[in-house]
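Please keep the sequence and the model in view while reading.

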Amino acid sequence: MDTFIVPLVKDKKGNLSAKDNYRPLAITCVLSKMLEILILNRYKLLFTTPDNQFGFKTKLSTEMCIYALKQITEYYTHAGNPMYICFLDGTKDFDKVNHWTLFKKLLIGSYQY
């Protein structure tokens with residue numbers, strides 16, 4: 001059940017020496033992938049997310065998120081209300097977190113249901 005991580009270039013015309021220009025691709029064996037699918041199918045009702053989360057959900061994409069933001073903005077501006085929007089970029093956050101502490105918090109949080 002070994003997994004091999006292969007770096008894939010995001011932008012071939014970009015800076016090939018920059019680590020941000022690569023994304024990891026995990027190559028796993030078929031048995032590992034089948035086990036993952038079985039676990040996800042069995043426990044998918046426990047893995048719920050809010051309706052306003054668009055990433056990593058079937059039949060949803062960033063285009064849907066952009067559409068929702070545009071509709072909300074138009075609704076409030078047509079009503080004459082001011083609209084304040086704040087965008088946060090958390091792409092580097094996961095690299096800076098203590099993964100063991102995060103794992104422990106996830107384990108503790110899973111027992112609070």
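Lys-44 is found in the loop between α1 and α2, where helices are DSSP runs of H or I with at least four residues, strands are runs of E with at least two, and the numbering starts from the N terminus. With a relative accessibility of 52%, Lys-44 counts as exposed, given that exposed means over 50% relative accessible area, buried means under 20%, and partly exposed lies in between, all with a 1.4 Å probe and protein chains only. The C-alpha atoms of Lys-44 and Pro-7 are separated by 29 Å, and these two residues are 37 residues apart along the chain.

The model is predicted, so local features need pLDDT of at least 70 and side-chain atom pairs count only at pLDDT 80 or more, whereas totals for chains, interfaces and linings use all residues. Residues are numbered from 1 along each chain as its sequence is written, and side-chain values use heavy atoms, with hydrogens and water left out.

Ile-39 and Leu-88 are 49 residues apart in sequence, and their C-alpha atoms are 32 Å apart in space.

**Salt bridge and helix geometry**

The structure holds 1 salt bridge, defined as a side-chain nitrogen of Lys or Arg within 4 Å of a carboxyl oxygen of Asp or Glu. Lys-33 forms this salt bridge with Glu-36, and the closest N and O atoms are 3.6 Å apart. Because Lys-33 and Glu-36 are 3 residues apart in helix α1, about one helical turn separates them. An α-helix has 3.6 residues a turn, so residues three or four places apart point the same way. Lys-33 is partly exposed with a relative accessible area of 41%, and Glu-36 counts as partly exposed at 39%.

Helix α2 has 17 residues and reaches 24 Å from its first C-alpha to its last, close to the 24 Å expected at 1.5 Å a residue; the expected span is 1.5 Å times one less than the number of residues. Just after α2, Gly-80 takes a positive phi of about 85 degrees.

**Aromatic pairs**

A search of the whole structure finds 2 aromatic pairs, meaning rings of Phe, Tyr and Trp (its six-membered ring) whose centres lie within 6.5 Å, with planes under 30 degrees apart called stacked, over 60 edge-to-face and the rest tilted.

| Pair | Centre to centre | Angle between planes | Class |
|---|---|---|---|
| Tyr-75 and Tyr-76 | 5.1 Å | 85 degrees | edge-to-face |
| Trp-100 and Phe-103 | 5.8 Å | 35 degrees | tilted |

Tyr-75 counts as exposed at 58% relative accessibility, and Tyr-76 is partly exposed at 36%. Trp-100 and Phe-103 both lie in helix α4 (residues 99-110), 3 residues apart, about one turn of the helix. Of these two, Trp-100 counts as exposed at 55%, while Phe-103 is partly exposed at 42%. Leu-106 lies in helix α4 too and counts as exposed at 55% relative accessibility.

**Cysteines**

A search of the whole structure finds 0 disulfides, a disulfide being a pair of cysteine sulfur atoms within 2.5 Å. The sulfur of Cys-65 has its closest cysteine sulfur in Cys-86, 14 Å away, which is too far for a bond. Cys-65 is partly exposed, with a relative accessible area of 35%, whereas Cys-86 counts as exposed at 66%.
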